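Colleague: I would like to go through a few of the terms used for this model, and to hear in each case how the label was reached. Could we take them one at a time?

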Amino acid sequence: MTKAKFHFSRKLLAIPYALFLALFVIAPLLIIVYYAFTNGDTGSFTFDNFRNFFSGTGGDTFWESSRFKTIVQSLGISVLSTVVCLLIAYPIAYIIAFKVKNKMGLLILFIVPMWVNFVLRINALKELLEWIGIYNKSNGWNIFNTVLGMVYDFLPFMVLPIYTTISKIDKSYLEAARDLGAAGSTAFLKVTLPLSKAGIMSGVSMVFLPSMTNDVISNYRTFNHTKIIGAFIDECFKNDLWNLGSVTALLLLTLMFLITWLTGGFSAEPENGSRGTSLW
Amino acid sequence: MENKAHIIELKNVCKQFDGVTVVDDMTLYVRKGEFVTFLGPSGCGKTTTLRMIAGFEMPTSGEILLNGKDISNLPPNERPVNTVFQKYALFPHLTIFENVAFGLKLKRIEKKYVDKKGNERVKYEKLPKEVISAKVKKALEIVDLAGFEKRSVSTLSGGQQQRIAIARAIVNEPEILLLDEPLGALDLKMRKEMQLELKAMHKRLGITFIYVTHDQEEALTMSDTIVVMSDGYIQQIGTPEAIYNEPKNTFVADFIGESNIFSGVMSKDYLVRFCGKAFPCEDTGFEKDEPVDIVVRPEDVTIVSSEEGMLKGKVTSVVFKGIHYQILVQCGRYEIEIQSTTTPKVGESVGLVIKPDGIHVMKKKFRVNKFTGVITKRNTVEFGDGEFDCDVTQLYPGSHLDEEGYLITAKGEKLDLTDTEVNVEVGLHDITMSDNEDEGGATGHIISLIYKSEYYRYIVRTDNEEDYVLACEDLWNENDRVSLIIPKEKIRLTLKNPEESKQ
C-alpha cells in the first residue's frame with residue numbers, strides 16, 4: 001500500500017567497508033588466484049606454475065634449492081622472533097596487569113615507538129648495529145639482526161593482547177586456586193597461564209604471520225643477506241615472474257590459513273572467562 | 001554444644017586499607033561444627049573478616065588462631081579452610097570434574113617408608129586417580145549434580161554453578177567452610193531452596209560453616225550463631241532468637257527484622273515511658289529516669305478499639321503482605337508499624353496495646369550524637385534543628401575550597417556540595433551551652449540532667465524535638481533555655497550516599 005521508502009539502517013554503514021574489501025582484498029586475491037593457475041604466455045589454465053615452484057633450479061632438486069632454503073629460513077626467523085617476543089612480552093604484560101599502579105604510563109611506553117615511522121625506526125636500528133659493529137658481519141649475525149629487528153618492531157603487538165587478556169582475568173580465580181591449595185607458582189601455571197591463552201594466541205598470530213613476510217626489515221637490516229619468503233615474492237614480481245610470484249603468495253596464504261586454523265585462531269569465543277571485546 | 005572446642009579464634013584483629021580501618025579490634029570465637037553467620041550492611045567489614053580467615057588478607061594487627069595455633073600469616077593454600085566465592089569463581093577453562101578435582105590433585109599425602117639404608121624417610125604422594133574420581137563423584141552427589149563431570153562451566157545455570165562451587169570446596173574436606181554471600185546472585189525462590197539445602201548439608205557434613213550475608217532473613221533461617229557487624233565493630237553475637245528478641249542496641253534492632261524504635265525513659269523497674277505514655281515492661285536494672293531505646297516488633301502491637309488502647313491514633317496505611325497486613329498508625333508525632341491479620345480502614349481511629357513482653361528496653365549508648373544533615377550554599381551544615389559552621393573538606397580526603405566556595409578534590413574535580421546529605425557525628429564533650437541564644441547553632445530546653453560523678457549529662461531538646469546529648473561540668477537547671485555551640489573542627493561529617501556523589 002505504501003511505497004517502500006529509503007530507510008536508513010545500520011546495515012548501510014557497512015557499505016564503505018564492503019566496497020573497500022571488494023576492491024582491495026577480494027579483487028587482488030582473485031587476480032593472484034588467476035595468475036597462479038594460468039600460463040603466462042597463453043593465459044590458459046594450467047598447474048605448471050605449481051610444478052615450477054616445486055621443481056628445483058639449476059639442476060638441484062626443490063629440497064636442495066635456494067627457494068626451499070628461503071622458506072625454511074623465513075619459518076625459522078618467524079618462529080624465533082615469535083618465541084623471543086613472547087618471552088619478553090608475557091612477563092611485561094603480567095607485571096603491568098598485576099603489579100603496577102600506573103598501568104597507562106607503562107603501556108604507553110610500549111606503544112609510543114609504534115607512533116614513530118616504521119622505516120625510520122628500522123634505519124635507526126641499522127645505524128646502531130653498524131656502530132656496534134655487528135651489521136652485515138656474518139650470516140649468523142645477519143639472522144640475529146633480522147630477529148632483533150622483528151622483535152623490536154612487533155613487541156607491542158604481543159604485549160597488548162596479552163595484557164588485555166591478563167588484566168581481564170577475575171582475581172577471584174587466583175584466590176580460588178590459592179584457596180584450593182595451589183602455591184603461587186602452581187596457581188600461575190594452572191590458572192593464569194591457561195586463562196591468558198587467548199591473548200597469547202592472538203599475540204602469536206600478530207607476530208608470527210607478519211614476520212614471515214615482512215621483507216622491509218630483512219631488507220634494511222641486511223640488504224637481502226637474510227632472504228625471507230616475502231623478499232622472494234617481491235623479487236618475482238619485480239622480475240616479471242607474475243605466475244611464480246602468485247603461486248608463492250597463494251601457497252603462503254594457505255600455510256598461514258592452516259596455522260591459524262590449527263591454533264584455534266578462528267574460534268569465536270576465547271575461553272578466558274571474560275567475554276568482552278579484546279584489544280585487537 | 002557448650003563444651004565443644006573453639007575451632008577458630010580472632011583476638012583483637014584489626015584491618016586497615018590505606019589507613020582506613022575496616023575491621024576494628026575484633027575478638028570472637030567459633031565453635032567446632034557451628035554454623036556462624038557474619039551479618040551486616042555492605043561495608044561493615046564482614047567480608048574482610050572472612051577473607052582474613054581464608055588468608056587472602058593479613059590482619060594489620062591481632063591474631064587469628066586455628067585450633068589454638070596462630071595462622072595469621074599463613075598463606076591461603078596452607079590453611080585447612082575452603083571458600084565458596086560470591087561469584088563462584090569456577091575455572092572456565094576446566095570441566096566440572098577438573099574444577100572439583102582441582103584441590104584433590106594438588107593434595108600430597110605424607111607417606112613414611114624405610115629406605116635401603118634403613119633410615120626412615122617421608123615422601124609425599126599424589127592421591128591415586130581412582131580415589132580422586134570417587135571423591136569427586138561423591139561430592140557431586142552431595143550437591144545433587146551427579147553425572148555432570150564432563151560438562152563445561154558455561155553450560156550450567158547460576159544455581160548449578162553455585163552447587164559446583166560448593167562441591168569444589170567440600171571435596172577437600174576442610175575443617176571450616178567459608179561462604180561469602182554465596183546465594184546473592186540467585187533468584188528468590190532458588191535462594192530459599194539453597195538456604196535449606198545448605199543447612200541440611202551442614203548437618204550432614206558436620207564441619208564448621210562461616211557464612212557472610214547482608215540478608216537478615218537468611219541469617220536467621222540458617223545460623224546457629226549470628227555475629228551482627230557494623231562499621232567494623234561487632235554489635236552483637238547470639239543465637240537467632242536472642243538477636244531477634246533481645247537486640248543489644250538500636251542498630252541491631254533496626255537491622256534485624258522490622259521494628260519500631262523509640263527513645264524513652266526508664267521511670268523505674270518494670271515501667272518505661274515512651275510516646276508520652278508509661279508502659280509496664282519486663283526490664284530492670286536501669287538508673288532512675290535513665291534514657292533508653294525501646295524496640296517494639298510490629299507483630300507485638302495489637303489493634304483494639306480506640307477506648308481500650310494504651311495509645312490512640314489514626315490508621316494512615318494498610319498494605320497486604322501475604323500472611324499479614326502491614327499497618328501504619330499515626331499516634332501524635334509517632335508513626336507505629338503493626339503487623340496484623342485484622343484490617344482496619346485507612347483513616348479509622350484505633351487504639352494500640354503493647355504487652356510487657358513485647359517491649360524490649362536497651363541501654364542508650366551516648367558515645368556520639370548522630371544526625372543526618374544537609375550541606376548549605378554557604379558550606380555550613382544543617383542538622384538537628386540548627387545550622388553550624390563545619391569543615392566540608394573532610395568529606396573528600398585531600399580536598400580544599402577555592403575562593404568561590406567550590407570544593408576541589410584531590411583529583412582536581414570541582415564539586416558543588418549544596419544539598420549534599422551527610423551523616424553528622426558530634427561527641428558528648430564537644431558541645432557547650434550558652435545563655436546567649438544567638439551564640440550557638442541551635443537552641444533548646446534542657447529536658448534532663450543526670451549527675452555522672454565527673455560531669456552532668458544533659459539532654460537538650462530543640463523546638464522541633466531533636467535531642468542533643470552533652471556533658472558539662474557546670475550545673476544548669478532543667479527547663480533552662482540554652483543555645484548549643486559546637487566548634488567547627490569537632491563536627492565530623494561523612495557522605496550519606498558515597499556512591500551517588502561520585503558522579
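This is a predicted model: local features need pLDDT of at least 70, side-chain atom pairs count only at pLDDT 80 or more; totals for chains, interfaces and linings use all residues.

Colleague: How are H2(B) and H4(B) set to each other?

Modeller: The axes (lines fitted to C-alpha atoms over the stretch in contact, with angles from 0 to 180 degrees between N-to-C directions) of H2(B) and helix H4, residues 158–170 of chain B, come within 7 Å and cross at roughly 30°. Angles under 35 degrees count as roughly parallel, over 145 as roughly antiparallel, 65 to 115 as roughly perpendicular and the rest as oblique, and H2(B) and H4(B) are therefore roughly parallel.

Colleague: Which residues of H2(B) and H4(B) meet?

Modeller: With contact meaning heavy atoms within 4.5 Å, Ile96(B), Asn99(B) and Val100(B) in H2(B) meet Ile164(B), Ala167(B) and Arg168(B) in H4(B). By class, this contact has four nonpolar, one polar and one charged residues.

Colleague: Why is H2(B) called oblique to H3(B)?

Modeller: The axes of H2(B), residues 96–106, and H3(B), residues 129–142, come within 10 Å and cross at roughly 120°. That angle makes H2(B) oblique to H3(B), and H2(B) passes H3(B) in a right-handed crossing. The residues of this contact divide into nine nonpolar, one polar and two charged.

Colleague: In chain A, how does H1(A) pass H12(A)?

Modeller: The axes of H1(A), residues 15–36, and H12(A), residues 242–262, come within 8 Å and cross at roughly 120°, and H1(A) passes H12(A) in a left-handed crossing. By class, the contact of H1(A) with H12(A) has 10 nonpolar, two polar and no charged residues.

Colleague: How do you know that Arg51(B) and Glu175(A) meet in a salt bridge?

Modeller: A salt bridge is a side-chain nitrogen of Lys or Arg within 4 Å of a carboxyl oxygen of Asp or Glu, and the N to O distance from Arg51(B) to Glu175(A) is 2.6 Å.

Colleague: What does the pair of Arg121(A) and Asp153(A) tie together?

Modeller: The side chains of Arg121(A) and Asp153(A) meet in a salt bridge at 3.1 Å, N to O. Arg121(A) lies in helix H5, residues 118–132 of chain A, and Asp153(A) in helix H6, residues 139–168 of chain A, so the pair ties together parts that are 32 residues apart in sequence.

Conventions
Residues are numbered from 1 along each chain as its sequence is written. Chains are lettered from A and ligands numbered from 1 in the order in which they are written. Side-chain values use heavy atoms; hydrogens and water are left out. Helices (H or I, at least four residues) and strands (E, at least two) are DSSP runs, numbered from the N terminus. A crossing is left-handed if the near helix is turned anticlockwise from the far one by less than a right angle, and right-handed if clockwise. Ala, Val, Leu, Ile, Met, Phe, Trp, Tyr, Cys and Pro count as nonpolar, Asp, Glu, Lys and Arg as charged, and the others, Gly among them, as polar.
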